Amino acid sequence: MSKSPEVGLLQVLWLGLALAAGGASADTLGLGRPALAEEIAAWDLDVRPDGTGLPPGSGDVLTGEGVFAEKCAACHGDFGEGVGNWPEVAGGQGTLDNKDPVKTVGSYWPYLSTLWDYVHRSMPYGAAQTLSPDDVYAVAAYILYSNDIVDEEFSLNATNFTGITMPNADGFVVDDRAAREYDVWRAAPCMAECKDSVTITMRATALDVTPRDDVATAAPVDLIAKGQRLFSTCKSCHEIGEGAKNRSGPMLTGIVGRAAGAVDGFRYSKALKTAAGGGLIWNETALDAFLTQPRDYLNGSKMVFAGITNPEDRKAVIAYLKSHSAQGDTR
Amino acid sequence: MSEKRPNGTSRRAFLRGGVAAAGAVAAGPMRAETPDPLITEVQDWASGLGVGVDEVPYGLPIEFEADVRRRNVPWLTADTKSSVNFTPIHALDGTITPQGCGFERHHSGAITLHKDDYRLMVHGLVERPLVFTYADLERFPRENHVYFCECAANSGMEWAGAQLNGAQYTHGMIHNMEYTGVPLRALLNEAGISGDLSDKWIYVEGADAASNGRSIPLAKALDDVLVAFKANGEALRREHGYPVRLVVPGWEGNLWIKWLRRIEVTNAPVESREETSKYTDTLADGTARKWTWVMDAKSVITAPSPQMPIQHGTGPLVITGMAWSGHGRITRVDVSKDGGKTWEIARLDRAGEAKALCRFYLDTTWDGGEMLLQSRAMDETGYVQPTKNQLRAVRGENSVYHNNGIQTWHVATSGEVENVEVT
């Protein structure tokens, strides 16, 4: 089911070619069509430990610091330490045998290729596959630097890439459950008098970390309550309500009806400052447009957030923001 | 919402329904003091009309079942698009998980990908690199199989001890569906593979922004891996990889690539982020196991459980749960009511199927006393589900993954149930 007749025709042609070229042998069905070299190049991006798949390019720590500050730090912290619940990408060396090991690029990852490959294909979160190879080299160099693996003069490129050995390169063994566990646990199970006594050593209710049940979500909901639930996506960066502080995003108490960029002590992006200078007020219309696609609305904004596509959801979030703003108190 | 009982009927209706308040704890046969108006009075539904056909062109569960739904643990992750939620296993029975409540795990959100825009590339060490459309896939001979899909991190929060109070949260990163799809072997054959295949791998990758990719030995790919486009008879749901996902029977859920777009035959694993930073099992000494693909035998009692307290008082009680093994068929499940001192053999509802959920029941009598309920699964290889302490003795407490230890539920005399750990 092709979108245009031309594409359909091409497919038929390809199939014909494949058959003519003997592409379909007796035990194949002759389905599919040959993948073009350009198509394979577009999707075959993975990079292997030996450097296979790396494109040409280079980037140094200093450049990487700039890219990281602009495109990664909102979530991963200025030095890769992680903001709130967002993952840390630096630190944790020497903790792997501790009770709660801190597993990061520096403390845990066995291969540099994994870092390059993952950042290249999957980060920044919400805008994957937008970094140039040079930026990826630079950011990888900066993350290595943040983990004390290279010094600040370092520049990473396709040639010196395989010269870097990650600290935990030898930290892995291939699954040995068959040898270390299975034989032991294949014994005939005990059926009676298996232990003398049984005592309770731990209770989940003592910790009390289980989410409260809210059967209410199924019923028609109060808009503000819905907005409050949706605000959980914002919470990783924003606080709201009494005593709210700036986190990686400015505090949002009183935001509806307030001038943009007006929170003391928060380092806004140039883009937001410019808009604020132009008199941007966060009324409901502006918020709705901003939250649809923050970085379309404010090109260059530091708010790395994909946006809320559902208009009803935006309405609910704004209703919730309003309930924490002066005019919202009259609800 | 304390008026609501877990099955959605209100407490008032429950009492009015002829179950005398005293009856809830009485052991003997119940009797009604007054006639039950639900029987003696003509009810609206027995007189007027119900809804017509097409009222709901695609049916959803009736409103009284609204609490049977996926739930997440908000404090676990920063963003729901890089997160997980849990199947309401406590409220389900039988073995098939309805798609609408099967757990979700995304790394960059569930994408909306039209069938017409779907492309699957098979390339690498093949004779003919090929691109398939969705329509192409439907022209290969296809098969149907029921398999469980369990996230390697299922029960991962319980390594250091009892944390979350509900089977949904402790064991809900699992679902079990009937898949329709094409054996991956057929697609690889179409592209042509030859020579020494024993040391080859495939790298499989999704179309979403996380570009989630994993390396799998070619031997497994040629064995039972499916390229699936239907589950439980209908198209996959968006959150499960619509239009096409990989099904890797018995192996950890992260390998079951959703929105599958690329299969590369390689001579070595890629060592992607999902097979190094994640899905490796850190042991007590700080080293980690990698390539721990198989999900070992495991079971859990789904009712009674913290979200499913005993509300009917003493007398007949059905204890039920599910068991599964990535090594093959479940052959037996034992249940203990005293924290593992003595065990009874439970009834398997049907003979276990390989790498699929198996439902078990213990039809018993509750005397109103406290219980420490446990279940223990065995599979066709003779593997016996270990206790959590046995696992910790070998692995320590630092692994997030592959916790298949025996679960304990404490049943109080009130019928309330709690997640506990025992000696």
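1. Helices (H or I, at least four residues) and strands (E, at least two) are DSSP runs, and their numbers start at the N terminus. With that naming, B:W45 sits in the chain B loop that runs between α2 (37-40) and β1 (71-72). Keep in mind that the model is predicted.

2. B:W45 counts as exposed because its relative accessibility is 65%, and the cut-off for exposed is over 50%.

3. B:L49 also belongs to the loop between α2 and β1 of chain B. Buried or exposed, B:L49? Exposed, because its relative accessibility is 86%. The C-alpha atom of B:L49 is 50 Å from that of B:A209, and 160 residues separate the two along the chain.

4. Chain A carries a surface patch of positive charge. A:R267, A:K270, A:K273 and A:K302 form this patch. A:K302 is placed in the loop between α13 (294-297) and α14 (311-323) of chain A. At 36% relative accessibility, A:K302 is therefore partly exposed.

5. A:T95 is found in the chain A loop between α4 (73-76) and α5 (112-122). A:T95 has a relative accessible area of 15%, so A:T95 counts as buried; the cut-off is under 20%. What does the side chain of A:T95 reach? The backbone nitrogen of A:V102, at 2.9 Å.

Terms used
Residues numbered from 1 in each chain as written. Chains lettered and ligands numbered in written order. Predicted model: local features only at pLDDT ≥ 70, side-chain atom pairs only at ≥ 80, totals over all residues. Heavy atoms only, no water. Buried < 20%, exposed > 50% of the residue type's maximum accessible area, 1.4 Å probe, protein only. Patch = residues over 30% accessible without salt bridge, like charges linked within 9 Å, V, L, I, M, F, W, Y side chains within 5 Å. Areas by Shrake-Rupley, 256 points an atom, 1.4 Å probe, with all protein chains shown as cover. Salt bridge = Lys/Arg side-chain N within 4 Å of Asp/Glu carboxyl O. Lys, Arg positive; Asp, Glu negative; His and termini not counted. Charge placed at Lys NZ, Arg CZ, Asp CG, Glu CD. Polar contact = N/O pair within 3.5 Å; in protein donor to acceptor, adjacent residues only side chain to side chain.
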